Every structure is written in C-alpha cells, then in structure tokens.
Amino acid sequence: MSGTIQSVERAAAILRALAMEAEPAALSEVALAVDLPKPTTHGLLRTLCSSGLVEQDESTGGYTLSPEVVLMGSQRIDPNELRSRALNWTDALAARTGEAVRLGALSRSSVLVVHHVFRADTPGQVIETGARLPLHATALGKVLLAFDPSAVRALPGRDLEAYTYRTGTDRSALLRQLADVRDTGWSATVDEHVPGVAEVAAVVRDRGGYAVAAVGVVGRVDSVCDGLLRPRQELVDEVLAAGRSISRELGHGREP
C-alpha cells in the first residue's frame, strides 16, 4: 500500500495548525488554516476531540490541543535526576534566605514539586515533594507558563480556578502578565494560592536552553515582601542566582 490516507493527512494538518496557536482557535480559523470546508473540518475536529487529542473550550467553542498531546513529544528531564542535580543549590538557597525552597517541573497541566527544603526556624512543616500546584496561582507555575509554550497550552481556555480572593482567574490577563516574567526571568505571587503566603521563583534551563523547571522561595508575606507587598530585592537576587546555578549544572551556558 503506497498511497496515503486522506483523512489522516487532514487530521495531522489540523493538529499542526492548532500547535501554532496559543489561544483556542475558532472553527472558521481552523478551516482557513487547513484549507478545508467548515463541515469537513468540524467532523475531523469532533473525531479528534472524542479521541482525546483536541479539546473544545466550553465558553468560546474554540479548539486547542489537549495537554496530553502537548506533552507527548516533550523531552522532560527525569524528576529524580533534576532533584539530585539541583540539591546543593536548593539547600544553599534555603540557608541563605531563611525561607523554604521548592523546585518544580511541568507535569500533567500542573507544577510537580520535585524537591522541597524546609524553612529552618518553623516547626510542624509538611513535606511537599510530590505535591501538585496550580500553574496560574503560584510563582513556580507562572515561570513555567512564561517560558514553556506547552505549559500555556495546558491551561484551560475558560476562567481559571480561584484559590483566594487574590487569585487571578482571567486567562487573557494572565497571558499579559507573563510578558513581564519573560522580561525579568522571575515571578512573584502574594496570597494567590494560600492566604498569607508569598513566593518568588526563577526559571531553570537545560543544555539546549529549554525551560525544564522553576526554583523559588516560599514563606510568609511579611517575610518575603516589603511593606508595599513587593518581593524583597535580595530574595529575588538569590532566587535568580540559584536558577542560573542549577541551569549551569544541567549544562546551560557551557561550551559543547
């Protein structure tokens, strides 16, 4: 059998078209991108949705790749390797700042906490290694969203879940915030996931320059931030330095 199957070719074209979009695409946009009639495109999209390869946004009706497809071809560093390579730097960050430290990576549309270092002076803490955190309401998650396109595609197209009164739930507003994170290399959240808690996080890159993780400090708002709820600059500097150090440990910036 030397011929190709037309329906598979068309489905592949639709998947490629959706992979180029950060926002859910309307039926008419998809049909135009693949040069097919709207009824034909709609039938293919329905089949792709039923197969779990494409998702349709409930509020807008737009289509986007499912998180499973987005992550299917991604080369993710093994969490155990990431933890072992970052261990010295995360422990040093906790010692220098006096705050708890978390190292997180993208996993199944959330942040997987790969390593957690306790704050030294606070008893009764619970180990968070293995926990999952929301992308849109944590500093670790916002760093991943800013630098990893597959993380953005893993977000739901509708309004995001609110964890506190300060959680940003508008997807479009969040995407605008991420431009600032890309400019600075770090993100901060205050009261967005857990009341009374603030975070600062920075990106971690691998040898190829890809964002594979985020590292950050987490603590009480009055400890992490100044009186204007801005993250303390010394903490930001320490977190950025830790991100660069772990990145170098993973080969980023080294000569081949």
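At what angle do helix H2 (residues 27–34) and H3 pack, and how far apart are their axes? The angle is about 105° and the axes are 9 Å apart. This is a predicted model, in which local features need pLDDT of at least 70 and side-chain atom pairs count only at pLDDT 80 or more, while totals for chains, interfaces and linings use all residues. Residues are numbered from 1 along each chain as its sequence is written, and side-chain values use heavy atoms, with hydrogens and water left out.

**Helix packing**

- Helices (H or I, at least four residues) and strands (E, at least two) are DSSP runs numbered from the N terminus; axes are lines fitted to C-alpha atoms, for helices over the stretch in contact, and angles run from 0 to 180 degrees between N-to-C directions.
- H2 and H3 are therefore roughly perpendicular to each other, a term for 65 to 115 degrees, with under 35 counted as roughly parallel, over 145 as roughly antiparallel and the rest as oblique.
- From H2, Leu27, Ser28, Val30, Ala31 and Val34 meet Lys38, Thr41, His42 and Leu45 of H3, where contact means heavy atoms within 4.5 Å.
- The H2 contact with H3 has five nonpolar, three polar and one charged residue; Ala, Val, Leu, Ile, Met, Phe, Trp, Tyr, Cys and Pro count as nonpolar, Asp, Glu, Lys and Arg as charged, and the others, Gly among them, as polar.
- Helix H1 (residues 6–19) and helix H3 (residues 38–50) have axes that come within 10 Å and cross at roughly 80°, which makes H1 roughly perpendicular to H3.
- On the H1 side, Ser7, Arg10, Ala11, Ile14, Leu15 and Leu18 meet Thr40, Thr41, Leu44, Leu45 and Leu48 in H3; the residues of this contact are seven nonpolar, three polar and one charged.

**Sheet**

- An open sheet is formed by six strands in the order S5-S4-S3-S8-S7-S6, with antiparallel pairing; two strands pair if DSSP finds at least two bridges between them.
- Strand S5 (132–133) and strand S6 (186–190) are the edge strands, each pairing on one side only.
- S3 and strand S4 (residues 110–117) run antiparallel and are joined by seven bridges; Gly104 has Val113 in S4 as its bridge partner.
- Helix H5 (residues 79–97) packs on the sheet and touches S3, S4 and S8, its direction making about 60° with that of S4.
- Helix H6 (residues 139–147) also packs on the sheet, touching S3, S4, S5, S6, S7 and S8, and its direction makes about 35° with that of S7.

**Pocket and cavities**

- On a 1 Å grid over the protein atoms alone, a cavity is a set of points where a 1.4 Å probe fits but cannot get out, a pocket is an open set with protein on both sides within 12 Å along at least five of seven lines, and lining residues have an atom within 4 Å of a point.
- Grid points are joined across faces, edges and corners, and a volume is the space filled by probe spheres set on the points.
- The second largest pocket has a volume of about 280 Å³ and is lined by 15 residues, with Ala100, Glu128, Val197, Val218 and Gly219 nearest its centre.
- S8 gives the most to the lining of the second largest pocket, three residues, and this lining divides into five nonpolar, five polar and five charged.
- There are two cavities of 30 Å³ or more, and the largest cavity has a volume of about 40 Å³.
- Residues lining the largest cavity include Arg102, Leu140, Glu199 and Val217; H6, S7 and S8 each supply at least two residues of that lining.
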